[in-house]
Amino acid sequence: MRDITGNQVPIYSRSRSADHKGYPFIVFDLRQHPEIVQSVEKTHEIFDRVISVQCWAETDGEANAICDDLQTLLYDFKYREQLKSYGIIFEKVVERDHSSDVLAPFLQASYYGFDMVVQLVRNYTSEYPNITKYGGSNNDSND
């Protein structure tokens, strides 16, 4: 996201609006997709993740504008190809939300956010063999 936005707005992982002094900023959280089926074999596994994004600003309009701009860039072919070069396939935005946070009697901040689904490829090959000889349905009483 830093590359896509040209790092114009600071981006933080798993945070709250009160954790940062200056506005605007973007926070994100990477979660497992609720409908994912995990495989036993993790080598070159393809799996989905949900990235929750919140765009914080001092005004409702600025937070909304940052959120809209980020979504527009994510749907742009150029940036989808850039994500693909990192092994990330942007699938869709699944939910959008909005809230305000009163930080002090004189300061109110707003955020607009969305959840997006991405597909990742685990480019990992274990140096150790898979254990299939013992346990589960592959258990052989002669072993």
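Arg-96 touches Asn-64, Cys-67, Asp-68, Gln-71, Tyr-112, Gly-113 and Phe-114, not counting residues up to four places away in sequence. Contact here means heavy atoms within 4.5 Å. The model is predicted: local features need pLDDT of at least 70, side-chain atom pairs count only at pLDDT 80 or more, and totals for chains, interfaces and linings use all residues. Residues are numbered from 1 along each chain as its sequence is written, and side-chain values use heavy atoms, with hydrogens and water left out.

Arg-96 sits in strand S4 (residues 88-104). Helices (H or I, at least four residues) and strands (E, at least two) are DSSP runs, numbered from the N terminus. The relative accessible area of Arg-96 is 35%, so the residue is partly exposed. On this scale buried means under 20% relative accessible area, exposed over 50%, and partly exposed in between (1.4 Å probe, protein chains only). Two polar contacts involve the Arg-96 side chain. One goes to the side chain of Asn-64, at 2.7 Å. Another goes to the side chain of Asp-68, at 2.8 Å. A polar contact is a pair of N or O atoms within 3.5 Å; within protein, one must be able to donate a hydrogen and the other to accept it, and residues adjacent in sequence count only if both atoms are side-chain atoms. Tyr-112 lies 16 residues from Arg-96 in sequence, with a C-alpha to C-alpha distance of 7.5 Å.

The protein has three helices and five strands. From the N terminus on, their order is α-β-β-β-α-α-β-β. Of the 143 residues, 31% are buried. Among contacts between residues at least 6 apart in sequence, 58% join residues at least 24 apart.

Ser-110 belongs to strand S5. With a relative accessible area of 5%, Ser-110 is buried. Beyond its neighbours within four places in sequence, Ser-110 is in contact with Cys-55, Trp-56, Ala-57, Thr-59, Asp-60, Ala-63, Ser-99 and Ser-100.

Cysteine pairing was checked next. A disulfide is a pair of cysteine sulfur atoms within 2.5 Å. By this rule the count is zero. Cys-55 is in no disulfide, and the nearest cysteine sulfur, that of Cys-67, is 4.5 Å away. Cys-67 is likewise in no disulfide, its nearest cysteine sulfur being that of Cys-55. Cys-55 is buried, at 0% relative accessibility. Cys-67 is also buried, at 0%.

Pockets were located on a 1 Å grid over the protein atoms alone; a pocket is an open set of points where a 1.4 Å probe fits, with protein on both sides within 12 Å along at least five of seven lines, and lining residues have an atom within 4 Å of a point. Grid points are joined across faces, edges and corners, and a volume is the space filled by probe spheres set on the points. The largest pocket has a volume of about 320 Å³. Its lining comprises 16 residues, of which Met-1, Ile-51, Leu-83, Ile-88 and Met-116 are the closest to the centre. Helix H1 (2-5), strand S2 (25-32), H3 and strand S5 (107-121) each give two or more residues to this lining. By class, the lining has 13 nonpolar, one polar and two charged residues. Ala, Val, Leu, Ile, Met, Phe, Trp, Tyr, Cys and Pro count as nonpolar, Asp, Glu, Lys and Arg as charged, and the others, Gly among them, as polar.

The second largest pocket has a volume of about 160 Å³. Of its 14 lining residues, the closest to the centre are Ser-52, Val-53, Gln-54, Asp-97 and Asp-115. At least two lining residues come from each of S2, strand S3 (46-57), S4 and S5. This lining divides into four nonpolar, four polar and six charged residues.

Several backbone features complete the description. Most residues other than glycine have a negative phi, and most peptide bonds are trans. Asn-7, not a glycine, has a positive phi of about 55 degrees. Asn-7 lies in the loop between H1 and S1 and is partly exposed, at 47% relative accessibility. The peptide bond from Tyr-23 to Pro-24 is cis, with omega near 0 degrees. Pro-24 is placed in the loop between strand S1 (11-13) and S2. At the start of helix H3 (residues 77-85), a side-chain oxygen of Asp-76 comes within 2.8 Å of the backbone nitrogen of Lys-78. Just after H3, Gly-87 adopts a positive phi of about 85 degrees.
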